[in-house]
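Thank you all for coming; I would like to take you through one model this morning, one element at a time.

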Amino acid sequence: MFKIITAGNREAYRDVLDEMFRMRYRIVVDEWGWDIPGIQKGYDKDQFDTDETIYVVVLADNGEVVASSRMNPTTGPHMLSELFADYCDLQPYPVAGDVWECSRFVTDRSLMSDPVEDFRIRCRLGLGLTVFCLDNGITRLSWLTHQKFYNLVQRVWKTEPLGLPKREGDNWAWIPAVSQIDKETLDLQMDRYRDAEAIVAQYMAPKYKASAGRIA
Amino acid sequence: MRDYNGSKVLEAIRAVQVTETANETISELSRFIEQYGLERIFLGQLVNPANVPIKDILYVSDWPEELKEHRRSQMAILHDPIAICALRSKRPFSWAEAREHASRAGRMVVDMVHDYGITDGIMFPMHALHSVSGGVSLGGGNKLSLSQTQIAELEIVCQTVYYHLENMLGPFPYQKVAELTHRETQCVQFAAAGKSNWEIAQILGIQEDTVKKTLRRASDKMQTVNRAHLVATAIAKSQIFP
């Protein structure tokens with residue numbers, strides 16, 4: 001379903017991590033156009049990919065990496081403390097043993113065959129984060145989320161912003177946020193995973209109806 | 001921002017998150033926006049009312065009933081420059097800003113609300129991943145002068161309200177904002193200029209069959225049934241120039 005890669009099993013998954021860094025570059029740099037200082041071309045591994053970093057990776061049936069995310073303890077240097085502290089103007093970014101920071105929530109949609117699979121893979125990635133947190137006594141995850149992603153986060157985890165939306169010029173805003181992780185959210189996520197077909201069918205319905213006709 | 005105190009914003013967000021009915025949620029928002037000189041809320045998904053019945057979309061407003069009815073009967077949303085801008089804009093914008101770029105019909109739609117004492121306002125577009133866009137439009141009878149910080153405060157509270165309502169009242173039908181590829185846009189653009197498939201093929205230096213397939217793909221994406229429908233929809237969705 002998903003793999004959780006920690007310091008303990010990192011060696012066994014060396015190839016998977018390698019592929020994950022390449023996949024991240026494809027999406028984050030090539031598709032989203034981010035400018036990340038200090039990384040190699042084709043390989044998105046930055047200063048927050050450390051020995052302590054935990055990865056959740058989702059693999060396709062053929063072993064290809066289709067989605068991944070990473071978590072760092074907030075007791076050490078992390079993105080909110082090092083780069084975006086001034087974004088947190090509503091409340092200070094939380095620092096504690098039971099708060100970790102999640103970043104690089106990335107899925108490669110070009111590898112997915114249909115919307116149901118796409119939905120399920122995102123569910124799996126989210127489930128991986130929740131499962132790791134519950135197993136390791138982590139009660140909150142902090143993030144810097146893209147404005148368009150914020151509602152997906154708050155749909156699953158009880159979330160509140162750490163700061164006001166920040167944008168450059170006319171562009172999308174970024175919102176620092178913190179989410180609670182508990183058993184209830186795991187249940188909700190499992191339900192969404194189980195009902196993926198029904199949920200996607202429901203919101204795809206008007207689309208199928210309208211595309212029934214064709215132009216010549 | 002060093003001395004900034006965001007406690008009133010956090011308080012408002014927490015209050016919204018525990019509301020259990022749409023009325024409660026809107027009352028919380030009303031209370032919050034009062035301090036910015038704003039009085040009226042118009043919140044909803046931006047879909048073509050000709051395609052989707054109003055009961056199937058997220059739509060909440062405390063505008064006067066008569067005004068709502070008037071707008072509905074005129075299909076005002078189709079000409080409303082505020083709604084049209086919101087589909088494309090990645091940031092909040094004032095009604096005046098949208099009005100500046102509007103057609104004559106569009107300006108009439110903006111001005112329609114003046115008779116009801118709503119003379120100035122600001123729109124917060126709502127865009128989620130893989131889902132239909134919407135917006136929260138706040139208006140009032142006063143001339144607005146909001147600082148960037150105040151706009152950001154309103155934005156995060158509006159966003160919380162919007163998605164809280166979506167969770168509470170949803171799920172709503174899914175309508176993806178189609179995005180055409182470069183080649184598809186070119187073909188549709190020439191189709192809009194009255195060119196035949198053969199002519200488009202000559203202009204672009206590709207096979208006629210490729211043009212036909214590209215237009216069909218574009219048509220599927222835009223969920224349209226014939227050439228005229230495709231061109232009209234592509235313009236309406238700002239995929240090509242009119």
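Predicted model: local features only at pLDDT ≥ 70, side-chain atom pairs only at ≥ 80, totals over all residues.

Before I place the first residue, a word on the labels: a helix here is a DSSP run of H or I with at least four residues, and the helices are numbered from the N terminus.

Let me begin in chain B, with B:Gly6, which sits in the segment before α1 (7-17) of that chain. Is B:Gly6 buried or exposed? It has 21 C-beta neighbours inside 10 Å, and because the cut-off for a buried residue is 20 or more, B:Gly6 counts as buried. If we set aside the neighbours within four places in sequence, B:Gly6 is in contact with A:Asp89, A:Leu90 and A:Leu164, and those partners carry the chain letter A.

Now to a pair of helices in chain B, α8 (residues 182-192) and α11 (residues 227-236), whose axes come within 10 Å and cross at roughly 110°. That angle makes α8(B) roughly perpendicular to α11(B), and the crossing is left-handed. On the α8(B) side the contact is made by B:Val188, B:Ala191 and B:Ala192, which meet B:Arg227, B:Leu230, B:Val231 and B:Ala234 in α11(B); by class, this contact has 6 nonpolar residues, no polar ones and 1 charged.

The other pair I want to show is in chain A, where α3 (residues 115-135) and α5 (residues 183-194) pack at an angle of about 160°, with their axes 10 Å apart. That makes α3(A) roughly antiparallel to α5(A), and this crossing, too, is left-handed. Here A:Arg120, A:Cys123, A:Gly126, A:Leu127, A:Thr130 and A:Leu134 of α3(A) meet A:Lys183, A:Thr185, A:Leu186, A:Gln189, A:Arg192 and A:Tyr193 of α5(A), and the residues of the contact divide into 5 nonpolar, 4 polar and 3 charged.

I will stop there and take your questions.

Methods: Residues numbered from 1 in each chain as written. Chains lettered and ligands numbered in written order. Axes fitted to C-alpha atoms, helices over the stretch in contact; angles between N-to-C directions. Helix = DSSP H or I, 4+ residues; strand = E, 2+ residues; numbered from the N terminus. Parallel < 35°, antiparallel > 145°, perpendicular 65-115°, else oblique. Left-handed = near helix turned anticlockwise from the far one by under 90°. Contact = placed C-beta atoms within 7 Å. Nonpolar A, V, L, I, M, F, W, Y, C, P; charged D, E, K, R; others polar. Buried ≥ 20, exposed ≤ 12 C-beta atoms within 10 Å, placed from the backbone.
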